[in-house]
Amino acid sequence: MIRSLVLQARRAQLTRRSLLAGAGAGASALALAACSTGGGQAKPTAAADTSATDKTLAWANWAAYIDEDDDGNYPTLQAFEAQTGITVTYDVAVDDNNTYYGKVKDQLQLGQDIGADTVCLTDWMVSRWIRLGYTQELDHANIPNLTNLEPALRDPDFDPGRTYSVPWQGGFAGICWNTEVIPGGLESVEDLWNPELKGRVGVLSEMRDTMGLIMLQNGVDIAGDWGDDEFTAGIDVLREQVENGQVRNIKGNSYLEDLKSGDTLAAICWSGDITVINAEAGDKWQFALPTAGGTLWNDNFLVPIGSPRKTNAETLINYYYEPEVAAEVAAWVNYITPVVGAKEAAVAIDPELAENQLIFPDDETLSQAHIFRSLSGAEEQRYQAEFQSILLGA
């Protein structure tokens, strides 16, 4: 019997991670280059805010990561424009944390406008921007709805008190399997190493998710105080499983193609993606948080240091923290909303939606998910290099 919580979404939507196809060596080299920490440089100065006279805003985000109608419009964003008089340019500009950073880091270092007044990036990348001084301090007086932020997300180690960032959406990394071939299911990461699955297992090329799950299996509190020894022990597990042929591939979202083709029967995966594959290729895959726990990630609003429209960005953030608006977005994207009250608002849209654990996880579900702690610049380069060496050799 499967003891871990099994999560299945009510319906499928294209997830924002579904464009992150497996990279290959060229993109891997770009990702490593983008890991530059810029240590020792002077931090840039924030741009003057012209929001009082400039009622425009540019928002950079991932694909399929906001509610969208059949005509390609964004209903909640249209309502925001009508309500505030601020004209928003919504730019699907982020296809990967590292590649986006690689495009804008030189401008950020100089304190220049990167063409986005707010951008949504994942926790660990936001941590880097904050560390380098590439984000502007938020004025919480302009975001009164921030009181609706889920309490558990208010004081991450990379941004205590949410001085520089505010969550947009979140999700899980866990394990999945083909229920037709593995009817008994899987409970743990250790189960991925079963001999009968040799050569049929996939893991993610996102270091924090794959290593996070392996380290949790090793008994490490990935949100706590751990270091080189614990990471090396996890790397050794992954290296062994790659070298002995247990792991077939280490990929980005193209791991879904391996699941569809049957090349892999089980994988470390992202929750929302399994919703997609079930809708596209038959309802025969299941997602679960492993018994040792899964990872929990969030993508966050931040205001780049060179943006001259910070108040406009704060007005946008405040709007999306209205529970009714957050519920409308959640109904479309099928990821975890960070807004308290959105679950109750979702009942008015669809009562079943409010019971979807992928969007509104309860305390029991959240107790099984862990946030990979922030890394120093030196740790990030060292650990990513170790992980990358295995990825390129797979």
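Are Y65 and W168 buried or exposed? In this predicted model, both residues are buried, where buried means under 20% relative accessible area, exposed over 50% and partly exposed in between, with a 1.4 Å probe and protein chains only. Residues are numbered from 1 along each chain as its sequence is written. The model is predicted, so local features need pLDDT of at least 70 and side-chain atom pairs count only at pLDDT 80 or more, while totals for chains, interfaces and linings use all residues, and side-chain values use heavy atoms, with hydrogens and water left out.

The structure contains 18 aromatic pairs; rings of Phe, Tyr and Trp (its six-membered ring) pair if their centres lie within 6.5 Å, with planes under 30 degrees apart counted as stacked, over 60 as edge-to-face and the rest as tilted. One of them joins W59 and F301 in a tilted arrangement, 5.5 Å centre to centre and with 35° between the planes. Because W59 belongs to strand 2 (residues 56-62) and F301 to strand 10 (residues 294-302), this pair ties together parts 242 residues apart in sequence; strands are DSSP runs of E of at least two residues, helices runs of H or I of at least four, numbered from the N terminus. W59 is buried at 0% relative accessibility, and F301 is buried with a relative accessible area of 0%.

Y65 and W168 pair edge-to-face, at 6.3 Å centre to centre and 85° between the planes. Here Y65 sits in the loop between strand 2 and helix 2 (75-84), and W168 in strand 5 (residues 165-178), 103 residues apart. W59, F301, Y65 and W168 are among the members of one aromatic cluster, which also includes Y74 and F80.
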